[in-house]
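Please look over the sequence and the model shown here before reading on. The paragraphs that follow go from strand pairing to helix packing.

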Amino acid sequence: MSDFTSLSRRRLLASSAIAVAATLGATGSALAQSGNIHRVLRIGYQKGWFSILKGRGTLEKRLTPLGVSITWTEFTAGPVQLEALNVGSIDFGDVGEAPPIFAQAAGAPLVYASTSVPRPHNEAVLVPKGSTLQKVADLKGKKIALNKGSNVHYLLVKLLEKHGLKYADVQVVFLPPADARAAFERGSVDAWLIWDPFLSSAIKTLEARVLADAQGLANNRQYYFTSRDFASKNADVLKIAIEEVSAIDTWASKNKAEAAQELSKVLGLERSIVELYVNNLRYGMVPVTPEILAEQQAIADTFFELKLIPKKLNLRHAAPIDLR
């Protein structure tokens with residue numbers, strides 16, 4: 001073998017080793033040394049319940065014997081998570097109702113893996129302390145801050161419909177949560193549609209008043225997503241991941257004080273704020289059914305009518321692979 005060929009081969013092997021090392025987390029590296037690594041579950045998450053799951057390491061304990069390693073990548077928002085799914089960088093994560101709609105409109109190969117029970121009390125329209133607004137109908141002509149294309153965008157549409165108003169009857173101001181809170185505090189907007197834990201924080205620290213929540217209008221579910229390819233090839237891994245997420249959910253439902261303390265550290269929020277959030281939360285995970293897909297279809301149709309997405313969607317394309 002020539003020196004050039006030998007050198008090229010060494011460079012190729014070195015490049016391959018670097019690529020593997022970059023892909024594997026600490027658990028994956030240990031498995032690679034033992035020669036037992038076969039698959040990788042790449043989880044994308046935001047600070048919250050997934051952070052607690054990551055810290056406990058229970059998912060690793062169940063998947064390591066199967067030759068599966070895990071990588072964890074933290075994201076600042078759901079849409080970014082789903083962009084990562086679309087380019088093939090992650091395999092599993094959790095988001096609210098709206099981001100998957102936009103991801104599917106952008107061609108992401110996502111499928112729903114599981115979902116939470118409805119959580120309508122964890123999103124609401126707030127008005128400042130001392131506001132003269134007493135009912136949703138009073139919002140006519142008022143400035144309302146919300147995050148464009150989010151769960152609460154859909155909630156606003158349903159709230160206005162219920163109370164005899166049209167979308168054009170209010171002045172919608174599109175702002176991300178931090179900027180919306182600042183505008184709300186300054187009095188630059190009359191109301192703010194927001195979700196937890198921002199909702200609980202505004203109630204606790206600003207004495208904001210809930211004008212209406214999503215009860216009877218929007219279910220505000222949390223969705224657990226994957227790609228069609230991963231779900232097709234790794235049903236066993238996905239099943240275990242969902243079981244472990246469900247275990248954290250069950251633990252939190254039975255140990256709310258402890259859960260609030262742990263979650264407050266993760267989120268960097270005062271414990272009293274997180275306690276309000278945790279106590280208002282409904283717990284439980286359920287399979288994604290045709291009826292639940294129909295809920296998402298209604299959101300997708302609404303966003304298409306508002307011209308937030310460029311085409312009509314068929315949510316059956318994102319159905320779990322085992323849905324009958």
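Ser116 stands opposite Met285 in β11. Strand β4 (residues 110-116) and β11 run antiparallel and are joined by 2 bridges; two strands pair if DSSP finds at least two bridges between them. Helices (H or I, at least four residues) and strands (E, at least two) are DSSP runs, numbered from the N terminus. This is a predicted model, in which local features need pLDDT of at least 70 and side-chain atom pairs count only at pLDDT 80 or more, while totals for chains, interfaces and linings use all residues. Residues are numbered from 1 along each chain as its sequence is written, and side-chain values use heavy atoms, with hydrogens and water left out.

The pair β4 and β11 belongs to an open sheet of 6 strands with mixed pairing, in the order β2-β1-β3-β10-β4-β11. Its edge strands, each pairing on one side only, are β2 (68-74) and β11 (285-286). At the β2 end, β1 and β2 run parallel and are joined by 7 bridges; Gly44 has Thr73 in β2 as its bridge partner. β1 also pairs with β3 in the parallel sense, over 2 bridges, and here Ile43 stands opposite Phe92 in β3. In a regular strand the side chains alternate between the two faces of the sheet.

Helix α3 lies across β1 (39-45), β2, β3 (92-95) and β10 (223-227). It runs at about 140° to β1; axes are lines fitted to C-alpha atoms, for helices over the stretch in contact (heavy atoms within 4.5 Å), and angles run from 0 to 180 degrees between N-to-C directions. Which residues of helix α3 (residues 49-56) are buried? They are Trp49, Phe50, Ser51, Ile52 and Leu53, where buried means under 20% relative accessible area, exposed over 50% and partly exposed in between (1.4 Å probe, protein chains only). Just after α3, Gly57 takes a positive phi of about 70°.

Another strand, β6 (residues 143-146), contains Ala145. Ala145 is buried, because its relative accessible area is 0%. Not counting residues up to four places away in sequence, Ala145 touches Val173, Leu175, Ala180, Val189, Ala191, Trp192 and Leu193.

Helix α11 (residues 235-254) and helix α12 (residues 256-267) pack at an angle of about 115°, their axes 5 Å apart. Trp251, Ala252, Ser253 and Lys254 in α11 meet Lys256, Glu258, Ala259 and Glu262 in α12.
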